[in-house]
Amino acid sequence: MIRTRASAFLAVPGILQAHLSRAGAGIMSHQPMDDPIPNLWNDEGCAGFTPAELLLYRSNLLGADLRITNFAGGNTSAKIRMRDPLTDEEADVLWVKGSGGDLGSMKLDDFATLYLDKLLALERRYRGREREDELVGYLPHCTFGLNPRAASIDTPLHAFLPFRHIDHLHPDSVIAVAATRRGGGLVREVFGGEIGWLSWQRPGFDLGLRLREKCAREPHLKGIVLGGHGLMTWGQTSKACYEASLRVINRAAEHLARSASGERAVFGAPRVPSLPEAERRELVARLMPLLRGKLSTRERKIAHFSDAPEALEFASSARAKELAAIGTSCPDHFLRTKIKPLYVDRAPGPGYPGSDPIEALRTELDALIAAYRRDYAAYYERCKRLDSPPMRDPSPVVILLPGVGLLTFARDKPMARQASEFYLNAIRVMRGACLIDEYVGLPEAEAFGIEYWPLEEAKLKRLPPERSLSRRIALVTGGAGGIGKATARRLLQEMACVVLTDIDSAGLASAGEELGREFGQDLVRWATCDVTDEHAVAQACRLVATEYGGLDILVCCAGLASSAPVEETTLALWQKNLDVLTTGYFLASREAFRCMREQGLGGSIVFVASKNALVASPNASAYCTAKAAVLHLARCLALEGAPHGIRVNTVNPDAVLRGSKIWDGEWRKERADTYGI
């Protein structure tokens, strides 16, 4: 977790876990939208903080709850009096969350800092709304203190409002009001004139000017709701600003709660029953590789699955298809999810035609995905402008599967998880809007203007380059051992998603937690597995498919070591070597083949064999024979895999000391005795 001072968060119960969730644990809070958001401000915990540290403290508190704003959504700011390093005179400096930052996990250097007077002077350069984007190029000229953090396109919204502290948030409860047919009237009804309303307008310089004019005309306002977009609130101190935001959000939530008393089925009666949890997960494990292959024709994808209550309810409801077609409302939502999801019309549940729902879906998915891509390409052609970036991958990001839940596909696991979280927010918004009025999305042209905004394209281009194994999914057996753990670390360094298995539960958990801390919890999963157990191996591969969408790399490291003269080698010892070192590799590779062939994306299988597969050693006939069998198994599988782009290879190490567990038992003594040491 990122913080300025440990005392700030140690003093706030629950905040640490919330930040870990946002930082990549993949844990989404499913608290209802209309539950009150608690005030977590702790005066003692932040006593002595500088104004900048208080801004960070407020930002992290607001960002810790996904009902307030989702990952990388919203902005906070403070106008702070600082000494100018050039003139040594005092100057007003706008501290505002920088481009691409996340409120929940940001630190001080994620804020952009700009001279306020220079920002305000940009109005003299303003040549009208159709040319407002050119002013973004002037923002670096306003930088204070040589700060390299790029300023957000929302910076003018904070600069032109005459308040010291400002929050711009995307709370579900407020957007539910803002995304209705009667949005302006409902804002007056809910907030009694204390909160203003501005109809939808894309964020930027002109919206900043409109906000200033609105506050000048109505100085009594304590906040402004932006149509289809979010909430602006303010205060004279960081604490007052934080509490003002919570008051408005909770008031909207209270209104929705009152509207929901004796609530009907907002999305209509369930169109299909939800499958039991075990059946849902079994179906997703089988479906994911098929879907991933079909969606990765242009660029490979990583998947995320959610059967959160709201995802399951919405996907299975009578109105899901209708509402999904309207599209999302808040710009932050459809930037991650595309303007609308792919809805699978027929549910793979009870009564689905055909004995096997996956086989029944196979050809249907081809038609659905092709239709979605055609529809998306037509949307691009209708709305594109001369300066529009080229069309991106037209495949869906979000797939709604009635009876099962929500599947998302993106370039990496964090983005797939975030897309899922954003669509869950969109579902909550649709629920709230339907409770009080008619839900509306953004007009298509406006949605396109955000999705293909050249300024957003520039933000995408600032993302770090992908590593060599990004978009790849790996399974490592024997992951708690020296070679297995080192292999997992190397794969993670190249940004692969990695699932570790081992029979040693404690060692596996230790390795998984260590690697999760080092590389982010999104990229690491683990499961106890005995590689000699056919069912356990199949379950491990299902976990890989459910968590990430499929499998690209299998590294078999699970092993043991034994030493005995042939006449003292028991049948049990002989069989144990064959079971672990040969059968275990066979079972894992068989499951990997099934998954890789279903995907149609090729793959790589690596067996960690041994020098003993090629050169015999005395007093190790069982071990050497099993390793030699593994080597020949790899040759056989390489022939079978070649037509499908599946490569199979071995590495044959000699003794590995560092991190290896085989030296902890009798092996050390047995080998020493063999060589008279």
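The model is predicted, and local features are taken only at pLDDT of at least 70, side-chain atom pairs only at pLDDT 80 or more, while totals for chains, interfaces and linings use all residues. Residues are numbered from 1 along each chain as its sequence is written, and side-chain values use heavy atoms, with hydrogens and water left out.

Helices (H or I, at least four residues) and strands (E, at least two) are DSSP runs numbered from the N terminus. An open sheet is built from seven strands in the order 3-2-1-4-7-6-5, and its pairing is mixed; two strands pair if DSSP finds at least two bridges between them. Strand 3 (111–115) and strand 5 are the edge strands, each pairing on one side only. On average, neighbouring strands of this sheet are turned by 20° against each other, direction ignored. Helix 3 (residues 51–63) packs on the sheet and touches strand 1 (75–83), strand 2 (90–97), strand 3 and strand 4, where contact means heavy atoms within 4.5 Å. The direction of helix 3 makes about 175° with that of strand 1; axes are lines fitted to C-alpha atoms, for helices over the stretch in contact, and angles run from 0 to 180 degrees between N-to-C directions.

Within this sheet, strand 4 (residues 165–169) and strand 7 (residues 230–235) run antiparallel and are joined by five bridges. Leu169 stands opposite Leu231 in strand 7. Strand 5 (residues 195–198) and strand 6, in contrast, pair in the parallel sense over four bridges, and Trp197 has Val225 as its bridge partner in strand 6. In a regular strand the side chains alternate between the two faces of the sheet. In strand 6 (residues 223–226), Gly223 and Val225 point one way and Ile224 and Leu226 the other way, and all are buried; buried means under 20% relative accessible area, exposed over 50%, and partly exposed in between (1.4 Å probe, protein chains only). Helix 7 (residues 183–191) lies across strand 5 and strand 6 and runs at about 175° to strand 5.

Another open sheet consists of six strands in the order 14-13-12-15-16-17, with parallel pairing. At its edges stand strand 14 (524–528) and strand 17 (646–651); each has a single partner strand, so one side of each is left without a neighbour in the sheet. From one strand to the next the twist averages 15°. Strand 12 (residues 473–477) and strand 13 (residues 497–502) run parallel and are joined by five bridges, with Val499 in strand 13 as the bridge partner of Leu475. Helix 19 (residues 505–519) lies across strand 13 and strand 14, and runs at about 175° to strand 14.

Ser589 lies in helix 21 (residues 571–599) and counts as buried, with 1% relative accessibility. A polar atom of the Ser589 side chain lies 2.8 Å from the backbone oxygen of Tyr585, and a polar atom of this side chain lies 3.0 Å from the backbone oxygen of Phe586. Not counting residues up to four places away in sequence, Ser589 touches Leu554, Ile605, Phe607 and Leu637.

Val344 is located in the loop between strand 9 (342–343) and helix 14 (357–383). Val344 is buried, its relative accessible area being 1%. With residues up to four places away in sequence left out, the contacts of Val344 are Arg271, Leu361, Leu365, Leu368, Ile399, Leu400, Leu401 and Pro402. The C-alpha atoms of Val344 and Ala315 are separated by 9.1 Å, the two residues being 29 residues apart along the chain.

The structure holds 16 aromatic pairs; rings of Phe, Tyr and Trp (its six-membered ring) pair if their centres lie within 6.5 Å, and planes under 30 degrees apart count as stacked, over 60 as edge-to-face and the rest as tilted. The rings of Phe314 and Tyr423 form a tilted pair, with centres 6.4 Å apart and planes at 55°. This pair links distant parts of the chain, since Phe314 is in helix 11 (residues 309–315) and Tyr423 in helix 15 (residues 413–436), 109 residues apart. Phe314 is buried at 0% relative accessibility, and Tyr423 is buried with a relative accessible area of 2%. One aromatic cluster is formed by Tyr376, Tyr379, Tyr380, Phe448 and Tyr452. Lys338 lies over the face of Tyr376, at 5.1 Å from the ring centre; a charge sits over a ring if NZ of Lys or CZ of Arg is within 6 Å of the ring centre and within 35 degrees of the ring normal. The charged end of Lys118 sits over the ring of Tyr115, 4.5 Å from its centre.

Notes: A polar contact is a pair of N or O atoms within 3.5 Å; within protein, one must be able to donate a hydrogen and the other to accept it, and residues adjacent in sequence count only if both atoms are side-chain atoms.
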